[in-house]
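Me: I would like to go through the labels attached to this model and ask what each one rests on. Please set each value against its cut-off.

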Amino acid sequence: MCKSIIRLVSVIVLFFVMFTMIACSSATEQPEDTTVATTTTQATTTTKAVTTQAQTTTTAAATTAKAVEVNPFAEFFEITWIASMDTTYEEGGFDEEMLEEKYNIDLQPWAVSTYDPQGIAMMLAAGDIPDISRLDHSPWNATQMYEQGLTRLINLEMYKKYFPYYYELMLQNDPTSFMHNNVKNEDGTLSDNFYGISFVSDNKWYYNVPLARLDWLENVGYELDDDLLTPITLTDEKLGKYSGQVFITNYIFPHEDFNDILRAFTEDDPDGNGEDDTYGGVLFKHDFKSHWTDLYWGQFGVIASDGAFMYEDSATGDILPWYAFEGYRDYMAWAVDMRDKGFLRTLPEGYQSLAPQGSWYDNLLANWMTGKIGYFFCDRQYICRPDFPEYSDRQPPQSIWLNAGDEDATFVTWPALAGPGGTEPTSKWGTRRYSLDAFGSGTFRTWNIGAEVSDAKLARVLTMWNDGNTADLEDEYWSKVKYGIEGVHYKWTGEAWDSGMITTDATKIPPHYKKYGGFLAVFRSGPSPVVNEPQSQYNKILYSEEWYKYYCIEPIKYLSSTYMSVDMYKKYTEDWNAVSGDINTIINDFRNRSWEGQIANINTEWEQYINQLYDAGLEKLVNDYFNNDGFAYYKTPDLSMKK
């Protein structure tokens, strides 16, 4: 009886082991079910080996079952790369070696800057492009580079298999996420192929905020209660002595109060020196359109920096561009009034250049740092920032502490300038979210994949990016790859991951700790956890109070090939080119007459101006395109954050 039981148990065990080996063998024949691709040759060879050994003995079979675990990074890849402005980087950087060891790759950065138009143009003209690249100042966009045979397409299945983090974000932000860089079908529908990998950005973010002298406000009768003010704490050696002199408030000054503040800053001696030497702020001519003027224009529901915004006319319901929208009319009337009264003043001639660090910019910062101006449209990224002195030291408020000799000056910053409609969030005024869609395209927001890159090589890069984007913030490995080593590359101003990060000057980092910093694409739907100390504090308020919901203008439609079929956009472009000369002449004439004070009644002349625009071709654009259902309405993306 006992022997029978033993034999029965032995048979059961044998069948169990054989069944296990067969199951393992079947698994190796289906690499598409694994998270990382293996070649068909590898899978077939392994299967044969397992089958052969399974016919030998139970012990040998068990050993083979362990051996079939395939190294997902067994195949070695050399990967050329461009994703930095630094052309002096030498191979073997700190982050490069970490990634190479983990993913069995050799990363080879090319010494071409993403911000070098001439260098990029020469490279592309020679038919060269690295395997992976960001080419911000490329003369060709992703579509054109593909048409030139320089890049390959990326199929949606690659994201599903190797970059599921990214694919989930696409689903979360459908449909616009699928529109960017999409290779549309002939009928205009979306395909499963993409010209490049679109960036994911922080949609809640905008960087220009109102900033004013708080001490001047108090001197002219606009004192704010302490419970409305949150002080920015500074602990760094450079600006720490000014800690508590800049405040954040969510209080919104009514439009009429703001106008009076500009007057008082000009007429009421806000600095108390007994001289008439101060004024409200700096103004630009009507034809100057940039993020720097969005706050002024935004009081009237129109965005200066982006001509693709479309607006709905309150009287006709037509979808119109900025130059035919009533908010633009109201802005011009306000700006001329403030200019004529002297409350806002223009910079000397020559400021119109839009080039980075151009004369207008240098002029603007030089005027601000005199300490004789009370209101600023300020770059939030550089408020009280201690590093990057060639840029941040010229920005207010620190530019006034450091240059005007007014070390006791205090300041307050708030979300946006209110329009005439009141301060309720439903009023149509505000500023522009820096990234309208969760996904982006264009040369500045696309990763390009070289034409010779195989699926297997691309899978390795996507797997690396997926790992880096899904890792916990404090993951030891990935935090080093992304940010470096604490004490070497940066230091915290307070609690780690919950305070400001002060980065180490690149010249002070030992050679063996140099970083490239451009290998890991960060596809982030929320704010960066590593920012300078004041911005860290600012972010906690801006994001927790969800300023983007209340103080940002959303377009009714957005004029872009993303929101039209290929044929419609092509026809629109042809029609616009045919009428743009006449329309621009009318725009320029009305704008110039407004600025020069030649319009007696802007409301009366606005009606004549609109009629001229419609007669010159705007009516056809409105009927055939702007009001056309084939031109999709803009949809605000899902702004919920994903780690």
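**Labels and their grounds**

Reply: Pro397 sits in the loop between helix H15 (389-392) and helix H16 (398-403). A cis peptide bond joins Pro396 to Pro397, with omega about 5°. The model is predicted.

Me: Where is the peptide bond from Asp174 to Pro175, which is cis, placed?

Reply: Pro175 belongs to the loop between helix H8 (164-172) and helix H9 (176-179). The bond from Asp174 to Pro175 has omega near 10°.

Me: What is noted about phi at Cys384, and where is this residue found?

Reply: Phi of Cys384 is positive, about 60°, although the residue is not a glycine. Cys384 lies in the loop between strand S14 (375-379) and H15.

Me: Which residues make the contact of H4 with H18, and how do they divide by class?

Reply: From H4 come Phe94, Asp95, Met98, Leu99, Lys102 and Tyr103, and from H18 come Tyr477, Trp478, Lys480 and Val481. The contact has 7 nonpolar, no polar and 3 charged residues. Tyr and Trp count as nonpolar here.

Me: What makes H13 oblique to H22?

Reply: Helix H13 (residues 326-341) packs on helix H22 (residues 602-626) at an angle of about 140°, and their axes are 11 Å apart. That angle makes H13 oblique to H22, since roughly antiparallel needs an angle over 145 degrees. The H13 and H22 crossing is right-handed.

Me: Which residues meet where H13 packs on H22, and what are their classes?

Reply: Glu326, Tyr328, Arg329, Met332 and Ala333 in H13 meet Ile602, Asn603 and Trp606 in H22. By class, this contact of H13 with H22 has 5 nonpolar, 1 polar and 2 charged residues.

Me: How many cavities of 30 Å³ or more does the structure hold, and what is the volume of the largest cavity?

Reply: The structure holds 1 cavity that reaches the cut-off of 30 Å³. The largest cavity has a volume of about 60 Å³.

Me: Which residues line the largest cavity, and how does the lining divide by class?

Reply: The lining consists of Tyr206, Tyr207, Asn208, His291, Asp294, Thr431, Arg432 and Tyr434. It divides into 3 nonpolar, 3 polar and 2 charged residues. Tyr counts as nonpolar, and Asp and Arg count as charged.

Notes:
Residues are numbered from 1 along each chain as its sequence is written. This is a predicted model: local features need pLDDT of at least 70, side-chain atom pairs count only at pLDDT 80 or more; totals for chains, interfaces and linings use all residues. Side-chain values use heavy atoms; hydrogens and water are left out. Axes are lines fitted to C-alpha atoms, for helices over the stretch in contact, and angles run from 0 to 180 degrees between N-to-C directions. Helices (H or I, at least four residues) and strands (E, at least two) are DSSP runs, numbered from the N terminus. Angles under 35 degrees count as roughly parallel, over 145 as roughly antiparallel, 65 to 115 as roughly perpendicular and the rest as oblique. A crossing is left-handed if the near helix is turned anticlockwise from the far one by less than a right angle, and right-handed if clockwise. Contact means heavy atoms within 4.5 Å. On a 1 Å grid over the protein atoms alone, a cavity is a set of points where a 1.4 Å probe fits but cannot get out, and a pocket is an open set with protein on both sides within 12 Å along at least five of seven lines; lining residues have an atom within 4 Å of a point. Grid points are joined across faces, edges and corners, and a volume is the space filled by probe spheres set on the points.
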